[in-house]
Amino acid sequence: MEMEEDWLFDSIRKYKSLYMYDLQKPVQAADWLSSDCLVVATSDERKHELLELSLPAQVCVQEDSSGLTKDRDFQVVNGGFTDSSITSLHHLRQARKVLACVRGDNSVETWQLGSEDGNLIDKIGVLCSKKPTCHPSQLCVLDDSCLVFGSHLSSLSVADINTQQTVAHIQDCQRDIIISNMLQQDRCVLTSGRTSGELFLLDPRSHTITVEQVLDKTSARQVSDACPSRDTWTLCKDKSKAVVLQMCSSGVMRVRDCRNLKHCVKSVQTKLQAVEPGEITLSSCPTNADLVAVTGFDGCVQIYDRSKWGDADVVTPVFVHQGHIADREDPSQVIVTSQHLWYPWKQGTLLSAASDGGLHIFQPVL
């Protein structure tokens, strides 16, 4: 209770705005639908749901607005139950549809959000890999109709979103390794080995997917040696799309230039260390390329400012959101942040979710 009171007092000067909401189940995945709505996948290992939530109205107004607003909380707009726990979501920008990767196999489901005729979220299609696995897929949407998905380098497929048909598969790939998240790189796709940090460039423009390893064996070995094999890697791009950031669950963060991915521009060590190997989330602020947010290490959200790193080898965050652990009823309860999303319509605003069902949206003073 004392920690919560201290944190609430400090929050008056540390936050421009802060909204806290408790869902019945932890959020496993999320994506924005618009400036005033998002879709979240929740699960308590027994029941799994998809929910469309509206944001507190004050979040959506401009900086200089004042006065009372009618909705000061998150509101459930539409919902539906799913058969499996969802690990990632991607909103199709031109439609009321989302793509979902599920735990237990490497298929990708398509869900229709509620309409004027009803408020249910319904599954309307499933894309299956030619090489099924028990690991969830990663996905990358290249345009309104083209999707690349798969869990392993050797199980990648290209699908037509509109027809819900797979149109190409990877051929003769000998690297049967689990991949991390995928990023669009021009008309190609960039991904990395989940436990090795190796980078691969995928070209899906022909009837077969071609793979180029953009880190040679020596560079890949240097990446692997920096982090134990049990650790996991993730990656993201900054708003310029010219810089790729990699992060390992041991706390190592690397910056690479997209024009020469073999070269590491900057490597730093954070003071973060994941309690156990799991999903870490790394993202660059859409309104300020120097700001990088990290979740999945503990119950906090860390924000780093790359412009302040200089020649430092060890870096510290410029802001730490502790709301998820400060708000817990039992001090011994272990809470881990599961997701975060930058809110692209307002400078420096973040949404975060944690394993206790907490959902926060906040704008820190930086």
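Guide: Rings of Phe, Tyr and Trp, the last through its six-membered ring, pair if their centres lie within 6.5 Å; planes over 60 degrees apart count as edge-to-face. The model shown here is predicted. It holds seven aromatic pairs.

Visitor: What describes a pair of aromatic rings?

Guide: Two quantities do: the distance of the centres and the angle of the planes. Consider Y15 and F319, whose ring centres are 5.3 Å apart with planes at 90°, so this pair is edge-to-face.

Visitor: Where do Y15 and F319 lie?

Guide: Y15 belongs to strand β1 and F319 to strand β26 (residues 319-321), so the pair ties together parts 304 residues apart in sequence. Both Y15 and F319 are buried.

Visitor: How are the rings of Y15 and F362 arranged?

Guide: Their centres are 5.9 Å apart and their planes stand at 85°, so Y15 and F362 are edge-to-face. F362 is in strand β29 and Y15 in strand β1, so parts 347 residues apart in sequence are tied together. F362 is buried, as is Y15. Y15, F319 and F362 form one aromatic cluster.

Visitor: Let us turn to the chain as a whole. How many helices and strands does the protein chain have?

Guide: The protein chain has four helices and 29 strands. Of its 366 residues, 54% are buried. Among its contacts with a separation of 6 or more, 49% are between residues 24 or more positions apart. The accessible surface of the chain is about 17,100 Å², and carbon and sulfur atoms account for 47% of that surface.

Visitor: Where do nonpolar side chains tend to be found in soluble globular proteins?

Guide: They tend to be buried together. In this model the largest nonpolar core has 19 residues, and those with the most contacts inside it are W32, L38, V40, L55, F74, L359 and I361.

Visitor: Which strands each supply at least two residues of this core?

Guide: They are β1, β2, β3 (37-43), β4, β27, β28 and β29 (358-364). The largest share, three residues, comes from β2.

Visitor: Which residues does I361 touch?

Guide: Leaving aside residues up to four places away in sequence, I361 touches S17, L18, Y19, W32, L55, V59, F74, T349, L350 and L351. There is also a second, separate core of 17 residues, which includes M247, M253, I280 and F297.

Visitor: Are E49 and K25 buried or exposed?

Guide: Both E49 and K25 are buried.

Visitor: How far apart are N and O in the salt bridge of D176 and K131?

Guide: The N to O distance between D176 and K131 is 3.7 Å. D176 has 48% relative accessibility and counts as partly exposed. K131, with a relative accessible area of 37%, is also partly exposed.

Visitor: Where do D238 and R306 lie?

Guide: D238 and R306 meet in a salt bridge at 3.4 Å, N to O. D238 occupies the loop between β18 (233-237) and β19 (243-248), and R306 the loop between β24 (301-305) and β25 (314-315), so the pair ties together parts 68 residues apart in sequence. D238 counts as buried because its relative accessibility is 4%, under the 20% cut-off. R306, at 17%, likewise counts as buried.

Visitor: Which residues are linked in a network of salt bridges?

Guide: D83, E109 and K123 are linked in such a network.

Visitor: What does the side chain of K346 reach?

Guide: The side chain of K346 reaches the backbone oxygen of V59 at 3.0 Å. K346 is found in the loop between β27 (337-343) and β28 (349-354), and with a relative accessible area of 11% K346 is buried.

Terms used. Residues numbered from 1 in each chain as written. Predicted model: local features only at pLDDT ≥ 70, side-chain atom pairs only at ≥ 80, totals over all residues. Heavy atoms only, no water. Buried < 20%, exposed > 50% of the residue type's maximum accessible area, 1.4 Å probe, protein only. Salt bridge = Lys/Arg side-chain N within 4 Å of Asp/Glu carboxyl O. Contact = heavy atoms within 4.5 Å. Areas by Shrake-Rupley, 256 points an atom, 1.4 Å probe, with all protein chains shown as cover. Polar contact = N/O pair within 3.5 Å; in protein donor to acceptor, adjacent residues only side chain to side chain. Core = buried A, V, L, I, M, F, W, Y, C linked by side-chain atoms within 4.5 Å. Phe/Tyr/Trp six-rings, centres within 6.5 Å; stacked < 30°, edge-to-face > 60°.
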